[in-house]
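Look through the structure, then follow the headings below.

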Amino acid sequence: MRKLRLGVMISGSGTNLQALINACEKGDYPATIEVVISNRPDAKGLDRARGAGIKAVCVDHKGYEERSQFEDAIHECLSDHKVQLVCLAGFMRLLGSEFVGRWKDRMINIHPSLLPSYKGLHTHARALEDGVKFAGCTIHYVRPEMDNGPIIMQAAIPIAPDETEDSLIAKTLEYEHRMYPAAVRLIAEGKVRVSGNKVAVKEDVALPNAGLINPAP
Ligand code: GRF
C-alpha cells in the first residue's frame, strides 16, 4: 500500500499529533508522518515526534524578519520531505495567502468549535458564556481566512449543566483525537472531494434522523 505522506505542524502540546502518531503506527493505516514542524522550540510535540522516531524540525518564526521568509522555510521543509498533506494540529501562527494557496486542498486544520461558530481563540469559554447547548470540533481544508474552509468532519458535543471550561476542553479533545486520524484516513483513501466551499465524502455514513437534543426531552 502506498501511504499518504503527512507533514504535521504544531506549536504546543501536540495531543492531536500524538493521535496521528498512534494511528500511523498501525500497519494498515494509509498514511505516514514524514516530518513534524513547530514554530516554537519548546513545543512538547517535538519530543513526542522524536520519541516516535519521526523527524522533528523547529522553524522558529522569531528567526525571520518577514512572515513570507518564515513560510518559505516551512514550505521548503515540507517539500524536502515530499509531503502530500499538511495537518495543522494546534499551529498557532496565521498563515499568509501565498502559503495557503500553495497547499490549497492539501492542508487541513482542526479547530475546537462547531465552525463557522466560534472562530479564533477561547472557543470553549465563549460557548459556555453564550449558554449554547452544543460545543464541538471541526476538521476543514485551510483557506486564507482564519478558521475557514470546506468542512470535512464535525463532532457536536452536548454541554452539560455543570460544564466547566476545563471539562469541555477535555471532552472536546477526546473527539478531536478520534476525528483527526479518521479524517486523514478518508483523505488517504481518496474518499474526500472538495468542490467549491463544500466537501463530499464517499460512503458517507452520517445516519439519517440521528440528531441530538440537549437537554434530552
Ligand atoms: C486543539 O484544541 C486544536 O483543536 C486547536 O489547538 C489545540 C491543539 O491541541 N487547533 P494539541 O496541541 O493537539 O494538544
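## Helix α2

The face of α2 turned away from its buried side carries two exposed residues, Asp47 and Gly51. This is a predicted model. Helix α2 covers residues 44-51, and its buried residues are Gly45, Leu46, Arg48 and Ala49. Down the axis of α2, these buried residues fall within an arc of 160°, so they line one face of the helix.

What covers that buried side? The cover includes strands β1, β2 and β3, together with helix α1 (15-24). Gly53 follows α2, and its phi is positive, near 75°.

## Helix α3

Helix α3 runs over residues 67-80. Does its length agree with what a helix should span, or disagree? At 1.5 Å a residue, its 14 residues should span 20 Å. The end C-alpha atoms are 20 Å apart, which agrees.

The buried residues of α3 are Phe70, Glu71, Ile74, His75, Cys77 and Leu78. Seen down the axis of α3, they fall within an arc of 160°, so they line one face. On the other side of α3, Glu76 and Asp80 are exposed. Just after α3 comes Lys82, with a positive phi of about 50°.

## Around the ligand

Which residues surround the ligand? They are Ser13, Gly14, Thr15, Asn16, Gly90, Ile110, His111, Pro112, Leu173 and Glu176.

In the side chain of Thr15, an N or O atom is 2.5 Å from an oxygen atom of the ligand. Asn16 uses its backbone: a polar atom there is 2.8 Å from a ligand oxygen. Glu176 has a polar side-chain atom 2.7 Å from an oxygen atom of the ligand. Taken alone, the ligand exposes 370 Å², and the protein buries 81% of that.

Most residues other than glycine have a negative phi, and most peptide bonds are trans. The next residues depart from that pattern. Tyr118 is not a glycine, yet its phi is positive, about 55°. Tyr118 lies in the loop between β5 and α5. Is Tyr118 buried or exposed? Its relative accessibility is 17%, so Tyr118 counts as buried, since the cut-off for buried is under 20%.

Asp147 also has a positive phi, about 50°, although it is not a glycine. Its place is the loop between β6 (134-141) and β7 (151-158). Asp147 counts as buried because its relative accessibility is 13%.

Now for the peptide bonds. A cis bond joins Leu115 and Pro116, with omega about 10°. Pro116 sits in the loop between β5 (107-111) and α5 (123-130). Another cis bond runs from Asn214 to Pro215, and its omega is near 0°. Pro215 lies in the segment after β9 (198-201).

## Two residues up close

His124 is found in helix α5. At 11% relative accessibility, His124 counts as buried. A polar contact of 3.4 Å joins its side chain to that of Thr123. Which residues does His124 touch, not counting those up to four places away in sequence? It touches Pro112, Glu165, Leu168, Ile169 and Thr172. Pro112 is also one of the residues around the ligand.

Ile151 is found in strand β7. Its relative accessibility is 30%, so Ile151 counts as partly exposed. Leaving aside neighbours within four places in sequence, Ile151 is in contact with Leu115, Thr138, Ile139, His140 and Val199. Leu115 is also part of a cis peptide bond, the one to Pro116. Now compare Ile151 with Gly101. They are 50 residues apart along the chain, and their C-alpha atoms are separated by 17 Å.

Note on methods: Residues are numbered from 1 along each chain as its sequence is written. This is a predicted model: local features need pLDDT of at least 70, side-chain atom pairs count only at pLDDT 80 or more; totals for chains, interfaces and linings use all residues. Side-chain values use heavy atoms; hydrogens and water are left out. Helices (H or I, at least four residues) and strands (E, at least two) are DSSP runs, numbered from the N terminus. The expected span of a helix is 1.5 Å times one less than its number of residues. Buried means under 20% relative accessible area, exposed over 50%, partly exposed in between (1.4 Å probe, protein chains only). The arc is that of the directions from the helix axis to the C-beta atoms. A residue is near a molecule or strand if one of its heavy atoms lies within 4 Å of it. A polar contact is a pair of N or O atoms within 3.5 Å; within protein, one must be able to donate a hydrogen and the other to accept it, and residues adjacent in sequence count only if both atoms are side-chain atoms. Accessible areas come from the Shrake-Rupley method with a 1.4 Å probe; for residues, only the protein chains shown count as cover. Contact means heavy atoms within 4.5 Å.
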